[in-house]
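User: Hi! I'm new to reading protein structures. Could you take a close look at the main nonpolar core for me, and then show me how other parts of the chain are put together?

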Amino acid sequence: MTQPTTPVDRPPSPAPDPLRRTVDEEALARCAEEPIAVPGAIQPHGALLAVTERDLAVVVASANAAEVLGTDPAGATLADLLTPAELDRLRAALAGDLAEAEPLRVSPGGAELDLVLSRGGGLLVTEWEPVAGAEQAGAAWHRRLPTVLQRLSAPTTLEGLTAVLAREVRALTGFDRVMVYRFDAEWNGEVVAEDRREDLEPFLGLHYPAGDIPAQARALYATNWMRLIPDATYTPVPLEPPLVPGTGRPLDLSGAVLRSVSPVHLEYLANMGVTASMSVSLIDRGRLWGLVSCHGYSGAHRPSSADRTAAEFLGRTASLLLHTTVGAAERDGMVAVAQREAELVAAIGRTPRTPATALVDGDLTVLDLLPAAGAAVRLDGRLHLLGSTPPAERVAAVVPAVLRAGGATDRLTLTLPGFDDVADDASGVLAVEVGGGRGDYLAWFRPETPREVSWGGDPRTSTVTDGRLSPRRSFARWTETVRGTARPWREHEVGAARALAGHLGEAVLARAGEDDRLSAALQRTLLLDGLPEVPGVALGARYRPSEADVVGGDWYDLVPLPSGRLAVVLGDAAGHGLTAASVTAQLRHALRAALLRDEGPAAALAELNRLVAALLPGEMATAVVVQLDPVTGELALASAGHLPAVHAGGGTARLVTDGRGPALGLLDVADHPQVTMRLDAGDRLLLYSDGLVERRDRPLPEGLETVRAVVAGGAGGPQEVVDAVVTALDPAGTDDVTVVGLARV
């Protein structure tokens, strides 16, 4: 690794995976490419029939189908196997969402079977599992489900949530051990909760390398919530024929409950002494977060279909709670850091001629902004050190190197050579430049925090036998000491450092009396240097500050989202001058962070409103947020007290008055409605601030109608329409004017 990482919002991770250092890379690659979705076989505790969905004719059958069903399905259809009533229930299930369909209780050969439905490879996959022989938690547990759900939602910490989850899944399923297993950023896993038989050794706190669950298995787990292996010593039952007639391909069993698992995984379980296993995925906002892993050690163990469904329901419920539970402590930290940032910015504002004094000598110093052992402030060529830091001459070398490499690292000595001597004080460094081009900066230092990582067996002992990866045989606790790392920097900490540096840069420019440079710096902070190029979208924008102040409360922003959509923002904070600009900068950055969660405009505005209520009491602002899919043209819009957007298409234009909620800061908690529409090719959407339409000599409705008419008759791209609107309305210079236009091309 030649570049330092910025480990944001992730738990401490172990040193590079030892497995990758000792196991043959080709064997690892073969393991990763194993076709686990198309194994050509199933587990023997049930039977599988793949049928055409139109006429329900059997195309592929497991070799044990006749034995399980009590009749030979060869050449048959499901109509031959089911009673008319059972067939009606099957067709009703097919008409709905199979993902929500309950198992159907049927009796094709006299014995009761649970019939589970899924689709794969263009066929309807039917799985038939005998009811007899399955362990039942009984009606008593299921009657307790409301109480269980209350217990699951009550904890306010991750430890509490996962402990309840492990305990209740074990009570439901009867396994000897149930663990909650969490992945880190490198897909290593850690057991964060456990409920077990008293005579079993604890696995709580053990780590497992990423190679234990290969990437293709994790991908399957992200879409298939439940896996069961009732007997880890089973002999796979082949499918007949092995290839689907007419396609020449094996049957896709990605969604199959009976899917036969990898021989490597079975060897892994055997090495652990596990005779039966089950796992439920934990998925946080679409990403695999971890697993509920269940182990049995006393022979075969098959929970009933109803109990497995209940266990999956608990896993899905816990998945929904992960975000709020894990985020609660994170939000508390974010609020505290934001509050300290605001206090430091205020202190700088009170002493604009001596900003370094405000950061170094006040009751609250720059060291108090973030959890760190030391800090450095370099202004006007003078270096000020606080707390535990490397010597001044080493700080002068370390900080520029970290800035060149990205600005933040939690493993300085592992990613940048030549700094082993500062590891004790500065294994973690966060550095931000202070504008002005004089080499000024702020920096924070975290010491090395050696920690012991306990693994479930030495991960370096996996071997390659006959070209095939064989998992390690011992899972006894194996501990190593990880050196050279510090506590990772959180995303909100990095953001607060950058924001403080931005405000400090503004103060330095103001102190120097460089009005032109101050104006340029603030505009760069509040607005965009230029419009980005977005495939499929044309953009136009114009910003004109008020004549009375250098800057005011207007801002606009364009934020590419993780989903591929584009967020377009236009906002207006109350007031003018540096105070309004300071509020605006905080709103802009906070809204960006909320938008990047990709939960929609209304959710982002609600989160921003909570921030204003908590951290900026008395402040008020309006904003409109548009979220556009450049490919489909699907558009969502929400407004917090802002003037209506104008949508032009098909030769007409209209004011978008839907999706409008209260302005930011009016209420402590506010819901903002959201409207959806489509922006077809050639359509235009215009956003603007009140400075465009509000004049003492013209009623507001008249100004809005003028905007609508100009957009309706405007020719050319968004920039031409924006310019035409500003020219037509000739706004007064008493307020900021911001106009943003977009169109699909």
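Not counting residues up to four places away in sequence, Leu-359 touches Leu-344, Ile-348, Thr-365, Val-366, Val-377, Leu-386, Leu-442, Leu-500 and Leu-504. Keep in mind as you look that this is a predicted model.

Now zoom out from that residue. The largest nonpolar core has 32 residues, and Leu-359 is among the members that touch the most others, together with Val-366, Leu-370, Leu-430, Leu-442, Trp-444 and Leu-500. The elements that give two or more residues to this core are helix H11 (305-350), helix H12 (355-360), strand S14 (374-379), strand S17 (428-433), strand S18 (441-446) and helix H16 (491-511). Helix H16 supplies the largest share, 8 residues. There is also a second, separate core of 29 residues, which includes Ala-276, Ala-311, Leu-321 and Leu-322.

The chain has 21 helices and 33 strands, and buried residues make up 53% of its 745 residues. Among contacts with a separation of 6 or more, 67% are between residues 24 or more positions apart. The accessible surface comes to about 31400 Å², and 52% of it belongs to carbon and sulfur atoms.

Next, find the aromatic rings. A search of the whole structure finds 2 aromatic pairs. In one of them, the ring centres of Tyr-181 and Phe-183 are 5.4 Å apart and the planes meet at 85°, so the pair is edge-to-face. The rings of Phe-183 and Trp-187 have centres 5.2 Å apart and planes at 65°, so this pair is edge-to-face too. Ring pairs therefore link Tyr-181, Phe-183 and Trp-187 into a cluster. Tyr-181 is buried at 9% relative accessibility, and Phe-183 is buried at 5%, whereas Trp-187 is partly exposed at 21%.

Ser-277 sits in strand S12 (residues 276-284) and is buried, with 7% relative accessibility. Leaving aside neighbours within four places in sequence, Ser-277 is in contact with Phe-175, Arg-227, Leu-228, Ile-229, Leu-269, Cys-294 and His-295. Ser-293 belongs to strand S13 (residues 287-296). Ser-293 counts as buried because its relative accessible area is 15%, and buried means under 20%. With neighbours within four places in sequence again left out, the contacts of Ser-293 are Arg-177, Val-178, Met-179, Met-278 and Ser-279.

Charged side chains come next. The structure holds 27 salt bridges. One of them joins Arg-411 and Asp-410, at 3.2 Å from N to O. Arg-411 is buried at 11% relative accessibility, and Asp-410 is buried at 2%. Another salt bridge joins Asp-723 and Arg-542, with the closest N and O atoms 3.7 Å apart. That pair links distant parts of the chain, 181 residues apart: Asp-723 lies in helix H21 (residues 718-729) and Arg-542 in strand S23 (residues 537-544). Asp-723 is partly exposed at 29%, and Arg-542 is partly exposed at 33%.

Glu-705 is partly exposed at 38%, and Arg-708 is partly exposed at 23%. Elsewhere, a network of salt bridges links Arg-105, Glu-112 and Asp-114.

Two last stops are worth a visit. Glu-634 is in strand S27 (residues 634-640) and is partly exposed at 35%. Glu-634 and Leu-679 are 45 residues apart in sequence, yet their C-alpha atoms are 6.4 Å apart in space. Met-620 lies in the loop between helix H19 (601-615) and strand S26 (621-628).

Note on methods
Residues are numbered from 1 along each chain as its sequence is written. This is a predicted model: local features need pLDDT of at least 70, side-chain atom pairs count only at pLDDT 80 or more; totals for chains, interfaces and linings use all residues. Side-chain values use heavy atoms; hydrogens and water are left out. Helices (H or I, at least four residues) and strands (E, at least two) are DSSP runs, numbered from the N terminus. Buried means under 20% relative accessible area, exposed over 50%, partly exposed in between (1.4 Å probe, protein chains only). Contact means heavy atoms within 4.5 Å. Accessible areas come from the Shrake-Rupley method with a 1.4 Å probe; for residues, only the protein chains shown count as cover. A nonpolar core is a set of buried Ala, Val, Leu, Ile, Met, Phe, Trp, Tyr and Cys residues joined through side-chain atoms within 4.5 Å. Rings of Phe, Tyr and Trp (its six-membered ring) pair if their centres lie within 6.5 Å; planes under 30 degrees apart count as stacked, over 60 as edge-to-face and the rest as tilted. A salt bridge is a side-chain nitrogen of Lys or Arg within 4 Å of a carboxyl oxygen of Asp or Glu.
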